[in-house]
Amino acid sequence: MNLAERLRNLLPSPYLRFGLVGGCGFLVDETILTIVHYGLGVDRYSARAISIFCAATFTWWGNRNLTFAEHATTGGPLALAREWFKFMLANGVGALVNYSTYTLFVSFAPAPFSNPLLATAAGVGVGLVFNFT
C-alpha cells in the first residue's frame, strides 16, 4: 500500500484530504517564496508568481493522488498534461485574486502586513474564497 492509499484510509473524508492538501500547498507556497525571494534574491513580485505556480501544481498533484484519486485521468503524458492544464485554468481566477491581494499588501500595507510571507497568507485566504466558490 502506497502513502496516498494509507492517507486515504487514515482520512476517509475527502474534505479532510482536501484540507490537508491545501494546507501542504500553503507550506509549499511559503517555502518556494522564501527560497526564491530571500535565498535567490528574486524580486518579491516575480518570486510570488513562481511560488503560486509551484503551489498550484503541488495541489493539483495532491488532489489527483489523494483527494480525488478515483477521478484522476488515466493515459499517457498528454492526458496528464491536459488534466494539469484544466486544473490550472479552473484555478486561474483564484490565482489572479491571490496575486492581486499579495501585490496590494506588499505595495501598500503598513508593516508587518507588507512582509511577503504575511501578504502571501492574505492572498491565499482571499484566493481560497474564489477557488472554493
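What volume does the second largest pocket have? The second largest pocket has a volume of about 170 Å³. Before going further, a word on the model: it is predicted, local features need pLDDT of at least 70, side-chain atom pairs count only at pLDDT 80 or more, and totals for chains, interfaces and linings use all residues. Residues are numbered from 1 along each chain as its sequence is written, and side-chain values use heavy atoms, with hydrogens and water left out.

A pocket here is an open set of points on a 1 Å grid over the protein atoms alone, where a 1.4 Å probe fits, with protein on both sides within 12 Å along at least five of seven lines; lining residues have an atom within 4 Å of a point. Points are joined across faces, edges and corners, and a volume is the space filled by probe spheres set on them.

Now look at what lines the second largest pocket: among the residues are Leu 3, Val 21, Cys 24, Phe 58 and Trp 61. Helix H1 (3-10), H2 and H3 each give two or more residues to this lining, and H3 gives the most, with five. Helices are DSSP runs of H or I, at least four residues, numbered from the N terminus. By class, the lining has nine nonpolar, two polar and no charged residues. Ala, Val, Leu, Ile, Met, Phe, Trp, Tyr, Cys and Pro count as nonpolar, Asp, Glu, Lys and Arg as charged, and the others, Gly among them, as polar.

The structure holds zero disulfides (a disulfide being a pair of cysteine sulfur atoms within 2.5 Å). Why is Cys 54 in none? Its sulfur is 15 Å from the closest cysteine sulfur, in Cys 24, so the two are too far apart for a bond. Cys 24 is partly exposed because its relative accessibility is 30%, where buried means under 20%, exposed over 50% and partly exposed in between (1.4 Å probe, protein chains only). Cys 54, at 27%, also counts as partly exposed.

Finally, find Pro 112 in the loop between helix H5 (92-108) and helix H6 (116-132). A cis peptide bond joins Ala 111 and Pro 112, with omega about 5°. Most peptide bonds are trans.
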